[in-house]
Amino acid sequence: MSDLPTVVATRGAAAPDLAERAAHLDAVDELAPARALFTLNDGVVYLDGNSLGALPSHVPDRMRDVITRQWGELGIRSWSESGWWTAPERVGDRIAPLVGARPGTVVVADSTSVNVFKALVAGARLVPEDRDEIVVDGTTFPTDGYIAQSVARLTGKRLVAVEPAGLAARLGPRTAVALVNHVDFRTGRLHDLPGITAAVHAAGGIAVWDLCHSAGALPVGLDTHGVDLAVGCTYKFLNGGPGSPAFLYVAPRHQAAFDSPLPGWNSHADPFAMAPGYAAADGAPRGRVGTPDILSLLAADAALDVWDHEAVSIGAVRAKSLALTDFFLECVAAYAPPGRLASLTPAAHAERGSQVALRCEGAPEVMETLIARGVVGDLRRPDVLRFGFTPLYVGFADAERAARVLAEVLAGKAA
Ligand SMILES: *Cc1c(COP(=O)(O)O)cnc(C)c1O
């Protein structure tokens with residue numbers, strides 16, 4: 001930081017102005033108090049909440065109770081007395097308002113990968129069999145693509161990979177299901193969920209959305225936009241902890257016909273009948289498979305408490321996310337040596353998720369140095385620096401500092 005004035009001098013930018021503006025923006029930020037709810041290292045700017053959300057500080061005590069009292073003292077009684085058995089639906093109902101879904105439509109279970117499988121096969125089973133194409137976002141997160149490929153083989157359908165911008169034009173009477181990422185994990189581009197969903201419906205297909213990078217980051221409006229099925233992570237912007245279980249949304253109009261390819265005893269209408277024949281439960285439990293991973297699930301449950309605080313709402317989070325990413329891009333433009341970085345993240349707010357992706361020559365070494373200097377983002381090989389902005393715990397001074405350190409690293413300056 002001692003070399004800040006040099007950076008300013010060489011770039012001619014008004015760094016102190018940006019630092020002052022950051023201080024002002026933080027001072028008037030209604031979400032600023034939420035930062036105190038998290039355990040963060042003060043020496044570090046944590047811009048990787050789109051990969052693993054930070055720890056809400058009350059979670060360890062809650063988990064101590066879950067482990068020592070609920071498990072240790074109550075033991076098996078906790079399946080009923082501590083509400084373990086119904087936790088997948090109860091936690092689903094807490095996530096539902098964050099993604100614009102009504103109660104009873106979301107269940108928390110298994111990983112996103114597994115839920116993509118359930119949603120794709122069940123989606124294909126909702127339309128006539130002569131619809132023989134599964135359309136997948138050509139820029140998708142890899143796991144969705146791999147699973148779509150396997151589902152196509154299992155169901156005897158053809159896999160069609162198309163970039164989201166060209167997706168509507170590729171739909172037609174053969175479309176069974178379309179699987180799209182709401183936000184591109186690499187570039188941070190936000191795709192047109194209402195428009196693409198409407199196009200899938202106009203073609204007579206089922207729209208499946210992967211909300212991993214939008215749940216907890218921006219309003220999704222699942223019910224409003226008539227989405228059929230959706231999946232998403234709880235360990236990114238929902239801060240549920242490493243590997244915390246994912247969620248699955250089934251629109252009310254599809255619940256009775258939702259035919260899971262993984263019918264386990266937990267999704268049986270009467271699980272404790274231990275009957276040889278399968279009969280699906282009604283509603284959200286139909287998305288379950290086997291015994292829930294209670295410890296991870298209850299850590300995610302506890303983490304959702306931060307959304308109960310008065311100032312915290314998904315609308316406020318979205319507004320701050322856009323302001324933060326705008327400000328970070330402005331600081332980068334002011335500080336960084338010209339020509340070294342190219343933003344892959346759309347400038348238009350309507351097309352931006354909650355991250356900034358910068359293409360950079362020598363990105364692996366740059367990110368390694370950034371992390372060593374306390375700015376934690378991540379790398380998407382070969383050349384993308386990714387910075388996730390979680391408005392609940394990232395502030396404007398963080399954004400300014402991250403851009404300043406990035407510029408110093410690019411200029412080859414020591415700390
Ligand atoms: C993070 C992410 C996943 C992760 O899936 P897991 O099964 O939890 O490993 C899937 N899809 C997208 C779009 C993601 O961003």
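Biologist: Is R102 buried, partly exposed or exposed?

Modeller: Buried means under 20% relative accessible area, exposed means over 50%, and partly exposed lies in between. R102 has 43% relative accessibility, so R102 counts as partly exposed. Keep in mind that this is a predicted model.

Biologist: What does the side chain of R102 meet in a salt bridge?

Modeller: A salt bridge needs a side-chain nitrogen of Lys or Arg within 4 Å of a carboxyl oxygen of Asp or Glu. R102 pairs with D223, at 3.2 Å from N to O. The two are 121 residues apart. D223 sits in the loop between β8 and β9, and R102 in the loop between α5 and β4.

Biologist: How many salt bridges does the rule count?

Modeller: The count is 28. Take E330 and R21, whose closest N and O atoms are 2.7 Å apart. E330 is partly exposed at 36%. R21 is partly exposed too, at 37%.

Biologist: Which residue forms a salt bridge with D301?

Modeller: R94 does, with the closest N and O atoms 2.7 Å apart. D301 lies in helix α11 and R94 in helix α5, so the pair ties together parts that are 207 residues apart in sequence. D301 is buried, with a relative accessible area of 6%. R94 is partly exposed, at 22%.

Biologist: Which residues do salt bridges with shared partners join into one network?

Modeller: The network holds R62, R90, R94, D301, D305 and D308.

Biologist: Now the domains. Where does each one run?

Modeller: The assignment gives domain 1 as 11–30 + 313–410, and domain 2 as 60–308. Their centres, taken over C-alpha atoms, are 31 Å apart. Domain 1 brings 21 residues to the contact, and domain 2 brings 18.

Biologist: How much area do domain 1 and domain 2 bury between them?

Modeller: About 1600 Å², with 63% of it on carbon and sulfur atoms. On the side of domain 1, I314, Q355 and L392 lose the most area to domain 2. Together they make up 30% of what that side buries.

Key: Residues numbered from 1 in each chain as written. Predicted model: local features only at pLDDT ≥ 70, side-chain atom pairs only at ≥ 80, totals over all residues. Heavy atoms only, no water. Buried < 20%, exposed > 50% of the residue type's maximum accessible area, 1.4 Å probe, protein only. Helix = DSSP H or I, 4+ residues; strand = E, 2+ residues; numbered from the N terminus. Domains from an automatic or database assignment. Contact = heavy atoms within 4.5 Å. Buried area = accessible area lost by both parts, 1.4 Å probe.
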